[in-house]
Amino acid sequence: MSATAGPDCVPRHVAIIMDGNGRWATQRGLPRSAGHRQGVEALRRTVRAASGLGISVLTLYSFSTENWSRPQAEVRFLLELLRRFIRTDVAELHQSNVRIMIIGDRDGLEPSLRKMFEEAEALTRENTSLKLVIAFNYGSRQEITRAVQVLARKVADGKISPQDITPAVIGNHLDTAGLPDPDLLIRTGGEQRISNYLLWQCAYAEFVFLPEFWPEFDAASLARAIDIFRSRDRRFGGLKAQTA
Ligand code: IPE
Ligand code: IPE
Ligand code: MG
């Protein structure tokens, strides 16, 4: 299989590593928290732009399993920002027919936060436009580990045999079960690394690294990333498409 993405092709699933909030703020002599606050504005712009483009799935990395190692005050601020976002934006997202899903480890999170996640998901479950997937307390290695533990338990209980474990079965035990793999992975902030994000799912994603910091990201940045995506020749291990 081979496919040049093509001039009009819209990636079905776009995943974003929203990076650079802190540096954006520091450059302006502001506290890092100001960068995170502006980051929420960029997130709102991006959801609107993705909906307008007809993207089916938008997965946003909002907090990694490793981000707990930041100073307590910053962690607390980020958690409060997420709570505030859910409180203020879910109704409007629901009106826009957006389905909200949260991936990541919920064990050990405050019960009130878990309840907010469950309510947002339940309210928007039937919505059919954009799927907005928020990766919170998410780490891909931890996600894969959890999946392996569930599968090992099924083998130990005699429900399945080791031969039943295929790549598709593993995929169905990840938090992203049922979602298509990302076609395009965007990282803002200039770093060129994946930081424990969607390691399994990005096997054939196109990576686009943008220099701008996340608070600067807007519809034009998304369009630029999609233009780069369209110029790529996706080969999936096959050969370049014949143009004759
Ligand atoms: C991304 O921005 C937001 C989170 C990781 C929660 P950063 O906070 O990582 O900003 P930089 O990379 O330090 O600039
Ligand atoms: C990745 O950014 C996590 C999120 C954007 C939520 P980080 O800023 O945590 O990644 P590293 O530490 O630079 O790899
Ligand atoms: Mg960062």
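A word on conventions. The model is predicted, with local features needing pLDDT of at least 70 and side-chain atom pairs counting only at pLDDT 80 or more, while totals for chains, interfaces and linings use all residues. Residues are numbered from 1 along each chain as its sequence is written, chains are lettered from A and ligands numbered from 1 in the order in which they are written, and side-chain values use heavy atoms, without hydrogens and water.

I start with the ligand. How many residues surround ligand 1? There are 13, and the closest are D19, G22, R23, R32 and R70; a residue counts as near if one of its heavy atoms lies within 4 Å of the molecule. By class, this shell holds 2 nonpolar, 6 polar and 5 charged residues. Here Ala, Val, Leu, Ile, Met, Phe, Trp, Tyr, Cys and Pro are nonpolar, Asp, Glu, Lys and Arg are charged, and the others, Gly among them, are polar.

Now the polar contacts, meaning pairs of N or O atoms within 3.5 Å. D19 places a polar side-chain atom 2.8 Å from an oxygen atom of ligand 1. On its own, ligand 1 has 380 Å² of accessible area (Shrake-Rupley, 1.4 Å probe), and the protein covers 87% of that.

Next, secondary structure, taken as DSSP runs: helices are H or I of at least four residues, strands E of at least two. Helices α1 (21–27), α2 (32–53) and α3 (72–95) each supply at least two shell residues, and α1 gives the most, with 3.

On to pockets. A pocket is an open set of points on a 1 Å grid over the protein atoms alone, where a 1.4 Å probe fits, with protein on both sides within 12 Å along at least five of seven lines; lining residues have an atom within 4 Å of a point. Ligand 1 sits in the largest one, that is, more than half of its atoms lie within 2 Å of the grid points. The largest pocket holds about 690 Å³, a volume being the space filled by probe spheres set on the points. Its lining has 30 residues, with M18, N21, Y61, S62 and N67 nearest the centre. α2 gives the most to that lining, with 5 residues.

Last, the second largest pocket, at about 200 Å³. Its lining includes L43, R44, F85 and D89, and α2 and α3 each supply at least two of the lining residues.

How values were computed
A polar contact is a pair of N or O atoms within 3.5 Å; within protein, one must be able to donate a hydrogen and the other to accept it, and residues adjacent in sequence count only if both atoms are side-chain atoms.
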